[in-house]
Amino acid sequence: EKLLLSLLPAAIAEQLKEDGIDATAGGKNLIAEGYKEVTVLFADLVGFTKLSAGITPAELVFTLNQLFSMWDDLFAKHRIEKIKTIGDCYMACRCVAIHFCCFA
């Protein structure tokens, strides 16, 4: 349950727990919803590869942590939800029905 909630919106995780998962995706468990007003942010740092070649791994992780922590704090004030960070990429969303479409 904790894994589902860390990866999916609560409503979707609950639906999967109740209905199970159809590995064949024969139409049973397809979950798709639409929202009129959604903003998705995908940030990829320009020059990251060059930067990473010139500093230590510890310095690189520290730098990314500082930057992403600042974004986390700023976005929390504006109800923007972080979806995922991978390397130097940051993805977040904001929508009117934020408790339904965004990740906790």
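This is a predicted model: local features need pLDDT of at least 70, side-chain atom pairs count only at pLDDT 80 or more; totals for chains, interfaces and linings use all residues.

Me: What share of the contacts joins residues at least 24 apart?
Reply: The share is 36%, taken among contacts between residues at least 6 apart in sequence.

Me: Which residues make up the largest nonpolar core, and why is the set called a core?
Reply: The eight residues are Ala 43, Phe 48, Leu 60, Leu 64, Phe 68, Phe 75, Tyr 90 and Ala 92. The set is called a core because its residues are buried and joined through side-chain atoms within 4.5 Å.

Me: Which elements give two or more residues to this core?
Reply: They are α4 (57-77) and β3 (89-95). Helix α4 gives the most, with four residues.

Me: What does Phe 48 touch, leaving out residues up to four places away in sequence?
Reply: Phe 48 touches Leu 60, Leu 64 and Asp 88. Leu 60 and Leu 64 belong to the core as well.

Me: Where is Asp 88, and what is it in contact with beyond four places in sequence?
Reply: Asp 88 sits in the loop between β2 (81-86) and β3. Its contacts are Ala 43, Asp 44, Leu 45, Phe 48, Leu 64 and Phe 68.

Me: What makes the pair of Asp 88 and Leu 45 a polar contact?
Reply: A polar atom of the Asp 88 side chain lies 3.3 Å from the backbone nitrogen of Leu 45. The limit is 3.5 Å, with one atom able to donate a hydrogen and the other to accept it.

Me: How many salt bridges does the whole structure have?
Reply: There are two.

Me: Why is the pair of Glu 14 and Lys 17 called a salt bridge?
Reply: The closest N and O atoms are 3.3 Å apart. The pair counts because the cut-off is 4 Å. Both residues are in helix α2 (residues 10-19), three residues apart, so about one helical turn separates them. Glu 14 is partly exposed at 35% relative accessibility, and Lys 17 is partly exposed at 38%.

Me: What does the salt bridge of Lys 82 and Asp 72 tie together?
Reply: The N to O distance is 3.3 Å. Lys 82 is in strand β2 and Asp 72 in helix α4, so the pair ties together parts ten residues apart in sequence.

Me: Why are Lys 82 and Asp 72 called partly exposed?
Reply: Lys 82 has a relative accessible area of 34%, and Asp 72 has 26%.

Me: What makes the phi of Arg 79 worth a question?
Reply: Most residues other than glycine have a negative phi. Arg 79 is not a glycine, yet its phi is positive, about 55°. Arg 79 lies in the loop between α4 and β2 and is partly exposed, at 47%.

Definitions and conventions
Residues are numbered from 1 along each chain as its sequence is written. Side-chain values use heavy atoms; hydrogens and water are left out. Buried means under 20% relative accessible area, exposed over 50%, partly exposed in between (1.4 Å probe, protein chains only). Contact means heavy atoms within 4.5 Å. A salt bridge is a side-chain nitrogen of Lys or Arg within 4 Å of a carboxyl oxygen of Asp or Glu.
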